[in-house]
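Hi,

Here is the structure I promised to pass on. Have a look at it first, then read on for what turned up.

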Amino acid sequence: ALRVGDALADYLNSPAARELDGAACGEALIALGRIQSRLAAAQAGILCRFDAADAHDADGYASSSAWLAAKTQLSRKDARAVVKQTRLLGGHPLLDDATAAGQLSRSWAREIAGWTSRLPVGDLRERADQILLEAAEAGANLDDLRIIAQAAYEAWRAQQPDPDDDP
């Protein structure tokens with residue numbers, strides 16, 4: 001599979017791909033965005049297992065981000081961002097699965113996860129993720145999703161006791 005990925009990249013960087021007309025470039029950009037998100041989901045899944053196994057220790061690195069920076073030519077900042085994003089989306093399995101299936105971009109999944117992470121872990125957060133995922137699949141844009149997420153958060157907050165109230 002990894003060799004096929006390299007072959008795909010070789011073709012897309014070849015003179016033949018440079019001959020694509022404007023409309024074909026647009027189709028290619030859409031497909032590449034979906035593929036990028038799916039590959040990022042695959043990378044996150046492998047990184048989760050790598051991180052959980054402390055596999056970076058075998059090479060003498062203190063963290064997965066340090067290992068990524070040294071071994072995959074990522075800057076330290078980018079390596080930390082990859083690990084942070086992986087951990088964020090790891091707490092939102094519905095969103096992670098949707099990116100792996102090509103139903104949602106990694107970028108939108110990261111935005112949604114940031115919004116719904118304000119909700120407590122469990123059924124409520126998962127339900128909010130599901131609602132936002134369904135709205136995105138129905139055609140909602142990112143601003144619409146932000147409004148829905150904010151409404152969910154405010155509804156949850158309205159049900160919480162006021163910390164300033166004297167018990």
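The largest nonpolar core in this predicted model has 15 residues, and Leu95, Leu104, Ile112 and Leu145 have the most contacts inside it. Helices H5 (93–100), H6 (106–116), H7 (123–137) and H8 (142–158) each give two or more residues to this core. Another core, of seven residues, lies apart from it, with Leu47, Phe50, Leu68 and Ala79 among them.

Next, the aromatics. The count comes to two aromatic pairs. Phe50 and Trp67 make a tilted one, at 4.5 Å centre to centre with 50 degrees between the planes. That pair links distant parts of the chain, with Phe50 in helix H2 and Trp67 in helix H3 (residues 64–71), 17 residues apart. Both Phe50 and Trp67 are buried. For Tyr153 and Trp156, the ring centres are 5.8 Å apart and the planes sit at 40 degrees, so this pair is tilted. Tyr153 and Trp156 are three residues apart in helix H8, which means about one helical turn separates them. Tyr153 counts as buried at 18% relative accessibility, and Trp156 is buried with a relative accessible area of 18%.

Helix H1 (2–12) and helix H2 (22–52) each give two or more residues to the patch, and H2 gives the most, with four. Ile35, which lies in H2, is partly exposed at 32% relative accessible area.

Cheers

How values were computed
Residues numbered from 1 in each chain as written. Predicted model: local features only at pLDDT ≥ 70, side-chain atom pairs only at ≥ 80, totals over all residues. Heavy atoms only, no water. Core = buried A, V, L, I, M, F, W, Y, C linked by side-chain atoms within 4.5 Å. Buried < 20%, exposed > 50% of the residue type's maximum accessible area, 1.4 Å probe, protein only. Phe/Tyr/Trp six-rings, centres within 6.5 Å; stacked < 30°, edge-to-face > 60°.
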